[in-house]
Amino acid sequence: MSNLGRALSFAAATALLAGLSLSAQAAEWRGWNIHKPDYPNTVAMDKFAELLAEKSGGKITLKMFHSGTLGTQPDAIEQVRIGGLEIGNFNLGPIGPVAPEANVVSLPFIFSNMEHMHRALDGEAGDQISAGMAKKGLVALAWYDSGARSFYNTKQPITQPSDVAGMKVRVMNNDLYSGMIDALGGNPSPMAFSEVYQSLKTGVVDGAENNWPSYESTGHFEVAGYYSLSQHLIIPECVCINASVYDGLSDADKALVKEAARESATLQRQLWAERAKASQAKVMEAGVKFNDIPDKGAFQAAMQPVYDKYLGDNPDLKPLVELIQSMK
Ligand code: BDP
(Lines give C-alpha, C1' and ligand atoms only; values in the text may rest on other atoms or scores of the structure.)
Protein backbone atom coordinates (compact mmCIF):
# COMPACT_ATOMS: atom_id res chain seq x y z
CA MET A 1 0.00 0.00 0.00
CA SER A 2 1.31 3.50 -0.85
CA ASN A 3 1.81 6.03 1.91
CA LEU A 4 -1.22 7.91 0.64
CA GLY A 5 -3.24 4.72 0.65
CA ARG A 6 -2.14 3.97 4.19
CA ALA A 7 -2.97 7.51 5.30
CA LEU A 8 -6.40 7.29 3.66
CA SER A 9 -7.27 3.95 5.17
CA PHE A 10 -6.10 5.19 8.57
CA ALA A 11 -8.36 8.25 8.16
CA ALA A 12 -11.24 6.05 7.08
CA ALA A 13 -10.75 3.72 10.02
CA THR A 14 -10.59 6.65 12.44
CA ALA A 15 -13.76 8.15 10.99
CA LEU A 16 -15.48 4.79 11.20
CA LEU A 17 -14.45 4.33 14.80
CA ALA A 18 -15.56 7.85 15.69
CA GLY A 19 -18.89 7.16 14.02
CA LEU A 20 -19.28 3.88 15.84
CA SER A 21 -18.50 5.25 19.23
CA LEU A 22 -20.84 8.15 18.58
CA SER A 23 -23.68 5.84 17.72
CA ALA A 24 -22.90 3.72 20.77
CA GLN A 25 -23.22 6.82 22.91
CA ALA A 26 -26.05 8.80 21.37
CA ALA A 27 -29.45 7.24 20.95
CA GLU A 28 -32.23 8.69 18.84
CA TRP A 29 -35.46 6.92 19.61
CA ARG A 30 -38.80 7.08 17.86
CA GLY A 31 -42.05 6.83 19.80
CA TRP A 32 -45.63 5.92 18.87
CA ASN A 33 -48.79 7.38 20.39
CA ILE A 34 -52.36 7.13 19.12
CA HIS A 35 -53.82 10.26 20.70
CA LYS A 36 -54.34 13.84 19.57
CA PRO A 37 -52.12 16.75 20.65
CA ASP A 38 -53.95 17.89 23.80
CA TYR A 39 -54.77 14.40 25.18
CA PRO A 40 -53.22 13.60 28.60
CA ASN A 41 -51.10 10.78 27.14
CA THR A 42 -49.75 13.02 24.41
CA VAL A 43 -48.73 15.76 26.81
CA ALA A 44 -47.17 13.16 29.13
CA MET A 45 -45.22 11.42 26.32
CA ASP A 46 -43.85 14.81 25.23
CA LYS A 47 -42.83 15.35 28.85
CA PHE A 48 -41.13 11.93 28.83
CA ALA A 49 -39.12 12.99 25.74
CA GLU A 50 -38.16 16.25 27.41
CA LEU A 51 -37.07 14.49 30.62
CA LEU A 52 -35.05 11.91 28.71
CA ALA A 53 -33.04 14.60 26.95
CA GLU A 54 -32.62 16.57 30.17
CA LYS A 55 -31.60 13.67 32.42
CA SER A 56 -29.24 12.15 29.84
CA GLY A 57 -27.61 15.48 29.00
CA GLY A 58 -28.85 15.16 25.42
CA LYS A 59 -27.42 11.66 24.94
CA ILE A 60 -30.88 10.07 24.56
CA THR A 61 -33.43 11.83 22.43
CA LEU A 62 -36.97 10.70 21.64
CA LYS A 63 -38.98 11.92 18.69
CA MET A 64 -42.65 11.33 19.36
CA PHE A 65 -45.13 10.60 16.57
CA HIS A 66 -48.65 11.33 17.81
CA SER A 67 -52.17 10.80 16.42
CA GLY A 68 -51.35 7.26 15.26
CA THR A 69 -49.40 8.61 12.28
CA LEU A 70 -47.04 5.61 12.38
CA GLY A 71 -49.86 3.08 12.06
CA THR A 72 -52.43 1.11 14.04
CA GLN A 73 -51.83 0.03 17.61
CA PRO A 74 -51.39 -3.72 16.92
CA ASP A 75 -48.83 -2.85 14.21
CA ALA A 76 -47.00 -0.42 16.46
CA ILE A 77 -46.81 -3.03 19.25
CA GLU A 78 -45.20 -5.41 16.76
CA GLN A 79 -42.78 -2.67 15.65
CA VAL A 80 -41.63 -1.98 19.20
CA ARG A 81 -41.27 -5.72 19.85
CA ILE A 82 -38.99 -6.22 16.85
CA GLY A 83 -37.14 -2.91 17.20
CA GLY A 84 -38.55 -1.01 14.21
CA LEU A 85 -39.60 1.57 16.80
CA GLU A 86 -38.09 1.99 20.25
CA ILE A 87 -40.97 3.41 22.31
CA GLY A 88 -44.76 3.26 22.49
CA ASN A 89 -47.60 4.32 24.79
CA PHE A 90 -49.76 1.23 24.57
CA ASN A 91 -53.05 0.18 26.04
CA LEU A 92 -52.65 -3.30 27.55
CA GLY A 93 -55.75 -4.41 25.60
CA PRO A 94 -53.99 -4.96 22.28
CA ILE A 95 -50.87 -6.26 24.09
CA GLY A 96 -52.92 -9.13 25.54
CA PRO A 97 -52.89 -11.28 22.40
CA VAL A 98 -49.07 -11.13 22.46
CA ALA A 99 -48.48 -11.62 26.20
CA PRO A 100 -51.03 -13.81 28.06
CA GLU A 101 -50.01 -12.43 31.48
CA ALA A 102 -50.90 -8.91 30.30
CA ASN A 103 -54.26 -10.19 29.07
CA VAL A 104 -55.41 -10.67 32.65
CA VAL A 105 -56.31 -6.95 32.82
CA SER A 106 -58.69 -7.48 29.88
CA LEU A 107 -60.93 -9.85 31.81
CA PRO A 108 -64.16 -7.85 32.18
CA PHE A 109 -64.79 -6.59 35.74
CA ILE A 110 -61.50 -8.03 37.07
CA PHE A 111 -60.85 -4.67 38.75
CA SER A 112 -63.57 -3.13 40.88
CA ASN A 113 -62.18 0.39 40.51
CA MET A 114 -59.08 2.38 39.60
CA GLU A 115 -57.57 2.01 43.09
CA HIS A 116 -57.82 -1.77 42.84
CA MET A 117 -56.06 -1.64 39.45
CA HIS A 118 -53.29 0.59 40.84
CA ARG A 119 -52.76 -1.67 43.88
CA ALA A 120 -52.50 -4.73 41.66
CA LEU A 121 -50.09 -3.13 39.20
CA ASP A 122 -47.86 -1.71 41.91
CA GLY A 123 -47.44 -5.14 43.52
CA GLU A 124 -46.71 -8.76 42.67
CA ALA A 125 -49.41 -8.93 39.96
CA GLY A 126 -47.79 -6.00 38.16
CA ASP A 127 -44.41 -7.73 38.37
CA GLN A 128 -45.82 -10.87 36.76
CA ILE A 129 -47.50 -8.84 34.01
CA SER A 130 -44.26 -6.91 33.32
CA ALA A 131 -42.24 -10.14 33.24
CA GLY A 132 -44.69 -11.66 30.74
CA MET A 133 -44.40 -8.59 28.51
CA ALA A 134 -40.59 -8.50 28.76
CA LYS A 135 -40.45 -12.11 27.55
CA LYS A 136 -42.22 -10.87 24.41
CA GLY A 137 -39.85 -7.98 23.82
CA LEU A 138 -41.69 -5.15 25.61
CA VAL A 139 -40.32 -3.60 28.78
CA ALA A 140 -42.95 -1.60 30.70
CA LEU A 141 -41.21 1.48 32.11
CA ALA A 142 -44.30 3.01 33.75
CA TRP A 143 -48.08 2.70 33.84
CA TYR A 144 -50.53 5.33 32.62
CA ASP A 145 -54.24 5.60 33.54
CA SER A 146 -57.02 4.97 31.08
CA GLY A 147 -60.11 5.11 33.29
CA ALA A 148 -62.99 2.68 32.90
CA ARG A 149 -64.53 1.73 29.57
CA SER A 150 -68.31 1.81 29.14
CA PHE A 151 -70.66 1.09 26.24
CA TYR A 152 -72.05 3.76 23.93
CA ASN A 153 -74.27 3.37 20.92
CA THR A 154 -76.54 4.99 18.37
CA LYS A 155 -79.78 3.22 19.38
CA GLN A 156 -80.83 3.12 23.03
CA PRO A 157 -79.74 3.18 26.67
CA ILE A 158 -78.14 -0.06 27.86
CA THR A 159 -79.30 -1.09 31.31
CA GLN A 160 -79.13 -4.90 31.11
CA PRO A 161 -77.26 -7.48 29.00
CA SER A 162 -80.26 -8.09 26.72
CA ASP A 163 -80.00 -4.46 25.52
CA VAL A 164 -76.72 -5.41 23.82
CA ALA A 165 -78.27 -8.44 22.09
CA GLY A 166 -78.20 -8.05 18.32
CA MET A 167 -76.04 -4.91 18.45
CA LYS A 168 -72.92 -4.68 16.33
CA VAL A 169 -70.24 -3.43 18.71
CA ARG A 170 -66.72 -2.31 17.83
CA VAL A 171 -63.99 -3.72 20.06
CA MET A 172 -60.21 -3.45 20.13
CA ASN A 173 -58.31 -6.37 18.58
CA ASN A 174 -58.41 -9.00 21.31
CA ASP A 175 -60.41 -12.22 21.38
CA LEU A 176 -61.39 -11.58 25.00
CA TYR A 177 -63.35 -8.51 23.90
CA SER A 178 -65.04 -10.40 21.08
CA GLY A 179 -65.93 -13.09 23.62
CA MET A 180 -67.30 -10.41 25.92
CA ILE A 181 -69.71 -9.08 23.25
CA ASP A 182 -70.66 -12.63 22.22
CA ALA A 183 -71.49 -13.40 25.85
CA LEU A 184 -73.93 -10.46 25.85
CA GLY A 185 -75.56 -11.69 22.64
CA GLY A 186 -74.10 -8.90 20.47
CA ASN A 187 -71.96 -9.06 17.33
CA PRO A 188 -68.35 -8.05 17.99
CA SER A 189 -66.53 -6.08 15.35
CA PRO A 190 -62.76 -5.73 15.97
CA MET A 191 -61.56 -2.58 14.26
CA ALA A 192 -58.79 0.05 14.36
CA PHE A 193 -59.47 3.08 16.58
CA SER A 194 -59.21 5.45 13.62
CA GLU A 195 -62.08 3.74 11.79
CA VAL A 196 -64.66 3.85 14.56
CA TYR A 197 -66.05 7.35 13.98
CA GLN A 198 -66.96 6.69 10.35
CA SER A 199 -68.31 3.23 11.17
CA LEU A 200 -70.64 4.61 13.82
CA LYS A 201 -71.72 7.41 11.54
CA THR A 202 -72.55 5.17 8.59
CA GLY A 203 -74.11 2.39 10.67
CA VAL A 204 -71.39 -0.18 9.99
CA VAL A 205 -71.46 -0.65 13.78
CA ASP A 206 -74.15 0.35 16.28
CA GLY A 207 -71.86 0.97 19.20
CA ALA A 208 -68.44 0.83 20.78
CA GLU A 209 -66.95 1.17 24.24
CA ASN A 210 -64.41 3.54 25.73
CA ASN A 211 -63.59 5.91 28.58
CA TRP A 212 -64.91 9.50 28.74
CA PRO A 213 -61.78 11.18 27.30
CA SER A 214 -61.61 8.94 24.21
CA TYR A 215 -65.40 9.09 23.68
CA GLU A 216 -65.02 12.86 23.63
CA SER A 217 -61.64 13.41 21.87
CA THR A 218 -62.63 11.23 18.89
CA GLY A 219 -65.99 12.93 18.46
CA HIS A 220 -67.75 9.56 18.85
CA PHE A 221 -70.26 11.30 21.12
CA GLU A 222 -71.46 13.30 18.11
CA VAL A 223 -72.53 10.16 16.27
CA ALA A 224 -73.34 7.72 19.12
CA GLY A 225 -75.32 9.66 21.69
CA TYR A 226 -76.21 7.00 24.29
CA TYR A 227 -73.52 6.42 26.94
CA SER A 228 -74.26 3.74 29.55
CA LEU A 229 -71.97 3.46 32.56
CA SER A 230 -71.13 -0.26 32.43
CA GLN A 231 -67.46 0.27 33.42
CA HIS A 232 -66.75 -3.29 32.30
CA LEU A 233 -63.04 -2.79 31.65
CA ILE A 234 -60.39 -0.86 33.57
CA ILE A 235 -57.32 -1.27 31.40
CA PRO A 236 -53.98 0.29 32.28
CA GLU A 237 -51.55 1.55 29.67
CA CYS A 238 -47.77 1.33 29.53
CA VAL A 239 -44.86 3.41 28.42
CA CYS A 240 -43.08 0.53 26.72
CA ILE A 241 -39.57 0.20 25.29
CA ASN A 242 -38.05 -2.43 23.03
CA ALA A 243 -36.42 -5.00 25.31
CA SER A 244 -33.06 -5.26 23.49
CA VAL A 245 -32.68 -1.49 23.40
CA TYR A 246 -33.39 -1.38 27.13
CA ASP A 247 -31.12 -4.32 27.95
CA GLY A 248 -28.30 -2.64 26.01
CA LEU A 249 -28.34 0.44 28.27
CA SER A 250 -25.91 0.95 31.15
CA ASP A 251 -27.41 0.63 34.63
CA ALA A 252 -27.27 4.40 35.05
CA ASP A 253 -29.11 4.96 31.77
CA LYS A 254 -31.71 2.31 32.63
CA ALA A 255 -32.37 4.15 35.88
CA LEU A 256 -32.74 7.55 34.24
CA VAL A 257 -35.04 6.18 31.52
CA LYS A 258 -37.30 4.57 34.15
CA GLU A 259 -37.26 7.71 36.24
CA ALA A 260 -38.24 9.87 33.25
CA ALA A 261 -41.09 7.48 32.38
CA ARG A 262 -42.35 7.42 35.97
CA GLU A 263 -42.27 11.19 36.25
CA SER A 264 -44.27 11.40 33.02
CA ALA A 265 -46.76 8.91 34.52
CA THR A 266 -47.29 11.12 37.57
CA LEU A 267 -48.16 13.97 35.21
CA GLN A 268 -50.36 11.72 33.04
CA ARG A 269 -52.41 10.53 36.02
CA GLN A 270 -53.07 14.10 37.16
CA LEU A 271 -54.03 15.22 33.67
CA TRP A 272 -56.14 12.09 33.27
CA ALA A 273 -58.25 12.78 36.33
CA GLU A 274 -58.88 16.35 35.16
CA ARG A 275 -59.64 15.33 31.58
CA ALA A 276 -62.05 12.58 32.60
CA LYS A 277 -64.21 15.19 34.37
CA ALA A 278 -63.86 17.77 31.61
CA SER A 279 -64.72 15.27 28.86
CA GLN A 280 -67.78 14.03 30.71
CA ALA A 281 -68.98 17.61 31.23
CA LYS A 282 -68.39 18.44 27.58
CA VAL A 283 -70.36 15.51 26.16
CA MET A 284 -73.20 15.98 28.64
CA GLU A 285 -73.44 19.59 27.58
CA ALA A 286 -73.56 18.46 23.97
CA GLY A 287 -76.72 16.49 24.80
CA VAL A 288 -75.46 12.93 25.29
CA LYS A 289 -78.11 10.68 26.88
CA PHE A 290 -76.34 9.19 29.86
CA ASN A 291 -77.46 6.41 32.15
CA ASP A 292 -75.82 4.80 35.15
CA ILE A 293 -76.02 1.03 35.71
CA PRO A 294 -75.96 0.89 39.51
CA ASP A 295 -76.31 -2.90 39.65
CA LYS A 296 -73.84 -4.50 37.25
CA GLY A 297 -74.48 -8.02 38.59
CA ALA A 298 -76.16 -9.34 35.44
CA PHE A 299 -73.30 -8.08 33.25
CA GLN A 300 -70.73 -9.62 35.58
CA ALA A 301 -72.52 -12.96 35.68
CA ALA A 302 -72.67 -13.04 31.88
CA MET A 303 -68.86 -12.88 31.69
CA GLN A 304 -68.25 -16.40 33.02
CA PRO A 305 -67.57 -17.87 29.53
CA VAL A 306 -64.87 -15.22 28.98
CA TYR A 307 -63.10 -16.27 32.20
CA ASP A 308 -63.55 -19.96 31.39
CA LYS A 309 -61.98 -19.52 27.96
CA TYR A 310 -59.04 -17.50 29.28
CA LEU A 311 -58.30 -19.97 32.08
CA GLY A 312 -58.84 -22.91 29.74
CA ASP A 313 -56.22 -21.50 27.37
CA ASN A 314 -53.88 -20.41 30.23
CA PRO A 315 -54.36 -22.74 33.20
CA ASP A 316 -51.02 -21.59 34.64
CA LEU A 317 -52.41 -18.05 35.02
CA LYS A 318 -55.15 -19.03 37.47
CA PRO A 319 -53.05 -17.92 40.48
CA LEU A 320 -52.55 -14.50 38.88
CA VAL A 321 -56.31 -14.08 38.33
CA GLU A 322 -56.97 -15.17 41.92
CA LEU A 323 -54.26 -12.90 43.28
CA ILE A 324 -55.89 -9.88 41.61
CA GLN A 325 -59.37 -10.93 42.72
CA SER A 326 -58.15 -11.33 46.30
CA MET A 327 -56.99 -7.69 46.32
CA LYS A 328 -60.43 -6.17 45.80
C1 BDP B 1 -58.24 4.39 24.12
C2 BDP B 1 -56.82 3.95 24.35
C3 BDP B 1 -56.14 3.65 23.04
C4 BDP B 1 -56.94 2.66 22.24
C5 BDP B 1 -58.38 3.14 22.11
C6 BDP B 1 -59.24 2.15 21.33
O7 BDP B 1 -56.09 4.94 25.05
O8 BDP B 1 -54.84 3.13 23.26
O9 BDP B 1 -56.40 2.49 20.97
O10 BDP B 1 -58.93 3.41 23.38
O11 BDP B 1 -60.39 1.94 21.71
O12 BDP B 1 -58.90 4.57 25.37
O13 BDP B 1 -58.74 1.61 20.33
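Two residues are in contact if their C-beta atoms, placed from the backbone, lie within 7 Å, and helices are DSSP runs (H or I) of at least four residues, numbered from the N terminus.

The model is a predicted one, in which local features need pLDDT of at least 70 and side-chain atom pairs count only at pLDDT 80 or more, while totals for chains, interfaces and linings use all residues. Residues are numbered from 1 along each chain as its sequence is written.

Helix 7 (residues 175-183) and helix 14 (residues 304-313) pack at an angle of about 145°, with axes 8 Å apart; axes are lines fitted to C-alpha atoms over the stretch in contact, and angles run from 0 to 180 degrees between N-to-C directions.

For helix 6 (residues 124-135) and helix 15 (residues 318-325), the angle is about 145° and the axes lie 10 Å apart. Here Glu124, Ala125 and Gln128 in helix 6 meet Leu320, Leu323 and Ile324 in helix 15, a contact with four nonpolar, one polar and one charged residues.

Turning to the ligand, the residues around it include Ile34, Gln73, Phe193 and Asn210, a residue being near a molecule if its C-beta atom, placed from the backbone, lies within 6 Å of it. This shell has three nonpolar, six polar and no charged residues.

Terms used. Ala, Val, Leu, Ile, Met, Phe, Trp, Tyr, Cys and Pro count as nonpolar, Asp, Glu, Lys and Arg as charged, and the others, Gly among them, as polar. Helices (H or I, at least four residues) and strands (E, at least two) are DSSP runs, numbered from the N terminus.
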